[in-house]
Amino acid sequence: MNPTPPLGTHAAIPKPALDQVLGALRDAGYTLVGPKVADGAIVYGEITGIADLPVGWTAEQEAGRYRLRPGVPGRLFGFAVGPHAPKRYLYPSTATLFRTRRTAEGFEVLPGEEAAPRYALVGVRACDLAAIAIQDRVFLDGPAPDPHYRARREAAFLLAVNCLEPGGTCFCASTRTGPRCTTGFDLALTELDEVLLVEVGSEAGAAMLAAADWRPASAFELTRARRALAEAEGRMGRTMDVRDLPDLLYERLDHPRWEAVAARCLSCANCTMVCPTCFCADVVDTSDLTGGEAARVRVWDSCFNHEFSYVFGGHLRPNIRARYRQWLTHKLATWIDQYGVLGCVGCGRCITWCPAAIDLTEELAAIRGGEPT
Amino acid sequence: MARPRLAVYKFSSCDGCQLSLLDCEDELLALAGAVEIAYFLEASRQALPGPYDVVLVEGSVTTEEEVERLKEVRRQAKLLVAIGACATAGGIQALRNWADADAFRRAVYPTPGYIRTLDRVRPLGDVVLVDAELRGCPISKRQLLDFLAAVLIGRTPRMPAHSVCTECKRRGAVCVMVASGVPCLGPVTQAGCGAICPAYARGCYGCFGPMERPNTGALGDRFVALGQSRDEVARAFRGINAYALPFAAAGDRFARSDIEEG
Ligand code: SF4
Ligand code: SF4
Ligand code: SF4
């Protein structure tokens with residue numbers, strides 16, 4: 001048995017020893033979820049060990065375009081984020097909130113989910129850690145914390161990875177949310193050529209690392225990691241000038257660019273579905289044919305959807321211009337008033353996965369370019 | 001309380017949507033218990049007269065006789081529900097609205113004089129008031145059962161007007177348009193199918209018809225950017241829901257290949 005590393009330790013393990021950590025997580029009752037290749041992309045799914053990771057794979061990402069490509073052979077984490085975010089697991093796209101059943105006396109209420117699943121999320125990037133911190137504020141702060149989110153969130157283990165190969169649509173350096181994982185993880189990996197450096201972020205993380213043959217990282221290794229991260233910061237596919245937000249957008253609500261982007265935007269909602277911070281949902285009731293059982297279900301919704309802004313008497317945002325403007329001003333302006341931070345963590349997903357190739361960094365730059373109107 | 005009376009009628013169509021109802025094997029007993037199936041020729045010879053509480057109507061209207069019969073069905077129906085692309089938009093047979101039906105008639109039938117049809121294939125809504133639409137080719141059995149359950153209990157049925165993309169992303173499918181460059185009608189098509197085609201690496205064919213405010217022009221332009229000809233784009237819109245207004249307009253726009261739009 002290896003000694004348990006203290007909090008804040010920077011350790012080093014041979015790459016194959018990651019399987020020991022993953023094995024310890026499994027033994028502790030976690031379901032392992034990590035990146036894997038499926039359907040032409042690197043998605044999140046259940047994994048059992050290193051062999052399931054996209055070893056040697058990477059992806060080209062551009063606005064509206066994603067292509068899986070062979071990367072550096074043997075590299076475990078040589079790619080940026082894909083279409084899935086941890087949101088899928090902490091805040092699932094469809095969740096039964098509760099069920100009811102008719103009884104002789106009336107009806108009884110049953111829980112929607114018996115017990116929250118315990119996920120160990122493997123390969124979470126800095127932008128996604130920032131996004132989780134945002135969703136924590138949304139769902140857990142305030143007078144009515146969401147019990148469904150809380151149950152999954154408290155049960156989760158976050159095995160993060162520092163990004164050394166940012167993607168073509170990444171700009172976390174601009175939003176100051178990456179590429180280095182600074183907080184909010186249990187363990188954080190940095191992949192060097194020969195070894196994995198592991199930073200211990202929590203007691204739970206320390207306990208899991210103890211399952212592997214770790215040693216303290218050398219000064220040389222730490223310098224290499226620091227340098228690689230600094231280089232990554234300079235190789236972001238996109239940049240976004242966040243100065244003067246939120247006021248910049250408030251002053252330009254009638255900018256002609258909104259009309260121009262609305263002509264291209266499909267109002268398809270893909271951007272909001274892939275965004276790791278977007279949290280809007282619809283709540284719907286279902287019932288069976290006999291009227292004996294019913295359920296209340298929460299599903300991801302979007303400000304791009306027609307019904308979303310329908311209120312009695314009409315639509316608040318009847319056209320695409322109004323919807324796109326709502327989305328972008330929420331992400332980059334009103335979010336700051338609401339939660340004290342930008343609603344965008346620079347992950348680039350909405351750029352890559354927009355079927356119309358709309359790029360919010362380009363839209364903001366165009367709006368910034370014009371005169372206030 | 002008496003069980004609500006259900007009837008199922010068919011016009012010009014392939015019977016596939018009615019089959020979706022028969023396909024509800026697990027739920028059929030519960031359904032038969034909850035409603036009186038008064039008229040459903042595909043399932044039973046028993047044909048009880050109206051009036052009916054709920055009438056599901058499959059098929060498009062293509063002859064004068066059908067126009068009259070549909071008006072009579074409407075008179076017997078408290079709630080008339082158009083089921084499937086034929087009933088809601090004319091269906092695949094509405095492609096003849098862009099062609100010379102007389103020429104087809106002469107080519108196919110030895111005695112074309114016996115065949116009498118309307119000049120255009122019509123969705124039900126062109127002839128009578130339709131209370132609700134279940135889209136699809138065929139309709140989704142899940143959506144049909146939810147609709148009936150909602151009517152029975154008096155709640156709002158769940159019939160989203162938003163894109164197939166929303167369902168595609170909820171189920172975690174990888175976007176075929178972005179990851180493989182496959183043209184997909186999902187961004188302009190109404191949800192309800194559960195994004196079946198994209199989940200099997202195919203582009204959406206638009207069988208649930210146009211969503212609310214579809215930006216068909218922008219999607220067509222994007223198909224062109226992905227390497228499709230304008231003619232191919234026109235054909236993508238001229239499919240099962242060719243005659244649904246926004247798809248018809250987009251089909252026409254991209255078919256005019258002589259006009260190069262900016
Ligand atoms: S910005 Fe792109 S992904 Fe978002 S709704 Fe518009 S077309 Fe869809
Ligand atoms: S707005 Fe776009 S880039 Fe920003 S966090 Fe959301 S998906 Fe990522
Ligand atoms: S595959 Fe089609 S339906 Fe799915 S997100 Fe992409 S464009 Fe939309």
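**View 1. The shell around ligand 2 in the predicted model.** Ligand 2 is surrounded by 13 residues, of which the closest are C275(A), C344(A), C347(A), G348(A) and C350(A). Two helices of chain A, α11 (320–339) and α12 (349–352), are the elements that each give two or more residues to this shell. When the shell around ligand 2 is sorted by class, 9 residues are nonpolar, 2 are polar and 2 are charged.

**View 2. The shell around ligand 3, with residues from chains A and B.** Because residues from both chains A and B surround ligand 3, the site is shared between chains.

**View 3. The contact area between chain B and chain A.** On the chain B side 37 residues are in contact with chain A, and on the chain A side 47 residues take part. The two chains bury about 3,100 Å² between them, and carbon and sulfur atoms give 58% of this area. Of the area that chain B buries against chain A, 23% is supplied by K169(B), R170(B) and V178(B), more than by any other three residues.

**View 4. Polar contacts and the elements on the chain B side of the interface.** The computed count between chain B and chain A is 20 residue pairs in polar contact, with both residues at pLDDT 80 or more. Across the same interface there is 1 salt bridge, in which the side chains of E212(B) and R323(A) meet at 2.8 Å, N to O. The elements of chain B that give two or more residues to the side touching chain A are α2 (25–34), α6 (141–153), α7 (164–170), α8 (176–180) and α10 (216–225). The largest share of that side, 5 residues, comes from α6(B). By class, the side of chain B that touches chain A has 21 nonpolar, 7 polar and 9 charged residues.

Note on methods. Residues numbered from 1 in each chain as written. Chains lettered and ligands numbered in written order. Predicted model: local features only at pLDDT ≥ 70, side-chain atom pairs only at ≥ 80, totals over all residues. Heavy atoms only, no water. Near = heavy atom within 4 Å. Helix = DSSP H or I, 4+ residues; strand = E, 2+ residues; numbered from the N terminus. Nonpolar A, V, L, I, M, F, W, Y, C, P; charged D, E, K, R; others polar. Contact = heavy atoms within 4.5 Å. Buried area = accessible area lost by both parts, 1.4 Å probe. Salt bridge = Lys/Arg side-chain N within 4 Å of Asp/Glu carboxyl O. Polar contact = N/O pair within 3.5 Å; in protein donor to acceptor, adjacent residues only side chain to side chain.
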